[in-house]
Every structure is written in structure tokens, then in C-alpha cells.
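Trainee: I have a sequence and a structure to read. Where should I begin?
Mentor: Look at both, and then we will go through the features one by one.

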Amino acid sequence: MLKKLLSKPKSKKKKEAASSALPTLDRLHETLEMLEKKECFLQKKASAEVERAKDYTKAKNKSAAIQCLKKKKLYETQIEQLANFQLRVHDQIIMLESAKATTDTVDALRSGSSAVKAIHQSVSIDDIENAIEEANEHTENMRQIQEALATPIGASADFDEDELEAELEDLEEGELENDLPEPPQRTSMEPSARVTTTQPANDLAELTKLQAEMAL
């Protein structure tokens, strides 16, 4: 059923009916508003007759009070008719809005189907495969260009990589040797001992020489 609605083109009468939906809805809403205002007016009139009937009752005017109640009944009958009219208008509004929503939905689906069909007609499987193949070709060309740019040229192309790595290893070993801590130096105590031993002997010689000079 939905497929038939989408595939079947709209006739001229259907287009006119769809275009007249909005004005009809506007007119129905205006009618409903008019009926509601009239109902409100009649309700006020009925309430006023009730108040007048009360006043006539207090004044002991029974006949006038009954006349007021009769008018109230007439107003209530009209109010009931207006309520039925409003119900019918409400029903028409709901039906028309539902029909318009259905028509709008079908039109949107038909437009979407036409757009998808146009896209499918403008793009084929061959076009997609060609686009992918072209993109892969561009990617491969770019990779080759980058490899060519990264390849050393001129004097740098003649460098021996093994020789450079060996020289780098020698530098690293030299750095490690420089970083090793030096062994602590050993301090010799023998000269100090000699000095300590020789000093008392010299003092004794000086003392003996001084005593000899005093004896003279």
C-alpha cells in the first residue's frame, strides 16, 4: 500500500485538495471560536435569568419568576446545540489534520525516494571502483615520492653505515670510561716517621754542644 502511494503520481485534484487544507482548517478554527463565544454569551444570559427569577421570587412575583426560568431553559437548549456543533467541528478538524499529516508524510517519502533514485542514477558501481582505484594510485605515488625524498644523495650517499656505527660504538665506550670513578690514592707514612725519629736526635746534639760551650 505504501509503495503504491509513493509510486503513484498525484493528480491535479489531489494537489488542489492538499493546497486547500490549510484554508479549510483556518475556517474551521474560526467557526469553533465563534461557537465558543456564543456559548459563553448564552451561559451568561441563562445565569442572569436565574438571578432575575430569584429576585422575582423574593418579591413574591411567581409568574415573572417562572418566565425567567423558561428563558433559562431556552438558553440551555441553545447551549446544548452549540456544544454539539462544536463537537462536530472538532471532529472535522481532527480528521482534516490527520489527512493533511498523512499527505505531508507521503509527499516527504516520495521526495526522499526521488532524491535517493537521483543519487543512484548519478553514481554507479564503476564510478565508485574507479574513484577507489584512483585514490590508491595517488597514495602509492605519494609513498614513492616520500621514499625518494628520504634517500640520501651527493656526498652523504657514499657514507659507510657500518663504519659510522663502529665509530659511534667507540665514542660510547670512551664516554663510559670517562664516567667511571678514579681509584683512591694510597698515602705513605714512612717519610713522616723518619722526620719524627730524626727530630729528637738533632735536639740532643744541640743540647750537648751547648753544655760544652758553657763549660769553657
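Mentor: Start with a term: a contact means heavy atoms within 4.5 Å. In this chain, 78% of the contacts with a separation of 6 or more are accounted for by residues 24 or more positions apart. Keep in mind that this is a predicted model.

Trainee: How confident is the predictor, and in which helix is confidence lowest?
Mentor: The predictor's confidence in each residue is its pLDDT, from 0 to 100. The average for the chain is 78, and 69% of the residues score at least 70. Confidence is lowest in helix 1, residues 2–7, with a mean of 48. It is highest in helix 3, residues 21–58, at 92.

Trainee: How many helices and strands does the chain have?
Mentor: There are seven helices and zero strands. Read from the N terminus, the order of elements is α-α-α-α-α-α-α.

Trainee: How do I describe two helices that pack together?
Mentor: Two packed helices are described by the angle between their axes and the distance between the axes. Here, take helix 3 and helix 4. Their axes come within 8 Å and cross at roughly 165 degrees. Angles over 145 degrees count as roughly antiparallel, so helix 3 is roughly antiparallel to helix 4. The crossing of these two helices is left-handed.

Trainee: Which residues make up the largest nonpolar core?
Mentor: The general idea is that in soluble globular proteins, nonpolar side chains tend to be buried together. In this chain the largest nonpolar core has 11 residues: Leu25, Leu28, Leu32, Leu35, Leu42, Ala46, Tyr75, Ile79, Leu82, Val89 and Ile93. Helix 3 and helix 4, the latter spanning 62–122, each supply at least two residues of this core. Helix 3 gives the most, with six residues.

Trainee: What is leucine 42 in contact with, leaving aside its neighbours within four places in sequence?
Mentor: Leucine 42 is in contact with Tyr75, Gln78, Ile79 and Leu82 once those neighbours are left aside.

Trainee: What share of the chain's residues count as buried?
Mentor: Of the 216 residues, 10% count as buried. The cut-off for buried is under 20% relative accessible area.

Trainee: Is glutamate 49 buried or exposed?
Mentor: Glutamate 49 is found in helix 3. Its relative accessibility is 5%, so it counts as buried. Apart from neighbours within four places in sequence, glutamate 49 is in contact with Cys68, Lys71, Lys72 and Tyr75.

Trainee: What about leucine 96: which residues does it touch, not counting those up to four places away in sequence?
Mentor: Leucine 96 lies in helix 4. It touches Ala21, Thr24, Leu25 and Leu28. The C-alpha atoms of leucine 96 and threonine 24 are separated by 8.5 Å, although the two are 72 residues apart along the chain. At 22% relative accessibility, leucine 96 counts as partly exposed.

Trainee: Which other pairs are set apart in sequence in this way?
Mentor: Glutamine 43 is found in helix 3, and it is partly exposed, with a relative accessible area of 38%. Then take aspartate 26 and isoleucine 93, which are 67 residues apart in sequence and 9.4 Å apart in space, C-alpha to C-alpha. Aspartate 26 also lies in helix 3, and it is partly exposed at 47% relative accessible area.

Trainee: Where does lysine 60 lie, and what is its phi?
Mentor: Most residues other than glycine have a negative phi. Lysine 60 has a positive phi of about 65 degrees although it is not a glycine. It lies in the loop between helix 3 and helix 4. Lysine 60 is exposed, with a relative accessible area of 75%.

How values were computed
Residues numbered from 1 in each chain as written. Predicted model: local features only at pLDDT ≥ 70, side-chain atom pairs only at ≥ 80, totals over all residues. Heavy atoms only, no water. Helix = DSSP H or I, 4+ residues; strand = E, 2+ residues; numbered from the N terminus. Buried < 20%, exposed > 50% of the residue type's maximum accessible area, 1.4 Å probe, protein only. Core = buried A, V, L, I, M, F, W, Y, C linked by side-chain atoms within 4.5 Å. Axes fitted to C-alpha atoms, helices over the stretch in contact; angles between N-to-C directions. Parallel < 35°, antiparallel > 145°, perpendicular 65-115°, else oblique. Left-handed = near helix turned anticlockwise from the far one by under 90°.
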